[in-house]
Amino acid sequence: MADRDYKAFIVEGEAREPQITANITKVFFAHGNVRTITLPAGENIYMLWKKLKADDFDTDIIEVLREYNDDVREQLMGLSRDDFSEVYLFFDYDTHQTNLGKAEDEDAVAQMLESFDNETENGKLYISYPMVEALRAYKPGVCGDREGCYVSIAEMKDYKNASSMRSVNPQFKDYDYEIWKDIIDVFAMRVSCLFGCTDTLAYELYSETADPYDIYVLEEKETRKGRVFVLSAFPEFLVDYYGDKLWRTCVKHKRNRREAKN
């Protein structure tokens with residue numbers, strides 16, 4: 001057993017996501033005996049889930065990654081699953097589920113959210129809509145105008161560049177606590193809007209109604225309109241992890257504030 005409390009962040013990409021998890025570690029976990037380790041999956045969430053499902057989830061996700069990824073194997077040297085108190089997964093939304101196939105499973109994402117629903121067991125899954133760059137798609141104190149809340153599925157291939165051009169803070173590695181407070185404030189307004197609320201949800205109501213699965217159900221409804229509601233997984237994780245205290249510290253707006261158009 002390791003002396004430290006290890007938490008695993010399993011991510012899809014090997015570029016931006018590790019920057020974000022490294023920043024979260026610096027800002028939020030630079031205390032006590034907590035140590036976070038970011039493990040790149042080396043393949044998308046669908047393929048990873050299929051491997052676990054084929055084994056009826058008898059094989060631990062940490063061990064699956066160790067087996068199939070040389071970099072992960074090196075990172076995990078000397079550590080076992082018992083050393084990790086919590087496992088979190090961060091992945092991008094795939095509107096077409098192209099890597100699983102609709103013919104094989106009509107709603108793989110819903111099943112994955114059910115499989116990965118507990119950070120102390122199989123792990124807890126958080127999804128960025130439409131992708132990791134949604135984190136920088138915000139303006140402090142503003143929920144956004146109606147058009148800015150969505151990205152059309154047809155334009156998703158350009159979202160990375162577009163989100164960078166519009167962002168007030170495009171460099172994830174430079175985020176400090178004050179920036180994260182702004183991000184969480186905007187997240188609270190945006191998730192309230194997604195759930196059809198003009199007033200920002202109180203934390204108690206948020207925690208009861210806005211889990212990753214509930215968010216996914218609403219996002220699926222948006223895809224039928226040819227669009228995705230832009231929402232980041234990372235403030236969602238932080239709010240779930242730190243709870244009401246962080247919500248009360250960061251969420252300053254009681255009603256959604258939309259940006260006025262020129």
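Arg 227 sits over the face of Tyr 150, 3.7 Å from the ring centre. That's a handy place to start in this predicted model, since Tyr 150 also pairs up with another ring, the one in Phe 229. From there we can look at the other rings and then the cysteines.

**Charges over rings**
- Tyr 150 has Arg 227 over its face, with 3.7 Å to the ring centre.

**Aromatic pairs**
- How many aromatic pairs does the structure hold? The count comes to 28.
- One of them joins Tyr 150 and Phe 229 in an edge-to-face arrangement, with the ring centres 5.5 Å apart and 80 degrees between the planes.
- This pair ties together distant parts of the chain: Tyr 150 belongs to strand 6 (residues 150-152) and Phe 229 to strand 7 (residues 227-229), 79 residues apart.

**Cysteines**
- How many disulfides turn up in a search of the whole structure? The search finds zero.
- Is Cys 149 buried or exposed? Cys 149 counts as buried because its relative accessibility is 4%, and the cut-off for buried is under 20%.
- Cys 250 also counts as buried, at 3% relative accessibility.

Technical notes: Residues numbered from 1 in each chain as written. Predicted model: local features only at pLDDT ≥ 70, side-chain atom pairs only at ≥ 80, totals over all residues. Heavy atoms only, no water. Disulfide = S-S within 2.5 Å. Buried < 20%, exposed > 50% of the residue type's maximum accessible area, 1.4 Å probe, protein only. Phe/Tyr/Trp six-rings, centres within 6.5 Å; stacked < 30°, edge-to-face > 60°. Helix = DSSP H or I, 4+ residues; strand = E, 2+ residues; numbered from the N terminus. Lys NZ or Arg CZ within 6 Å of the ring centre and 35° of its normal.
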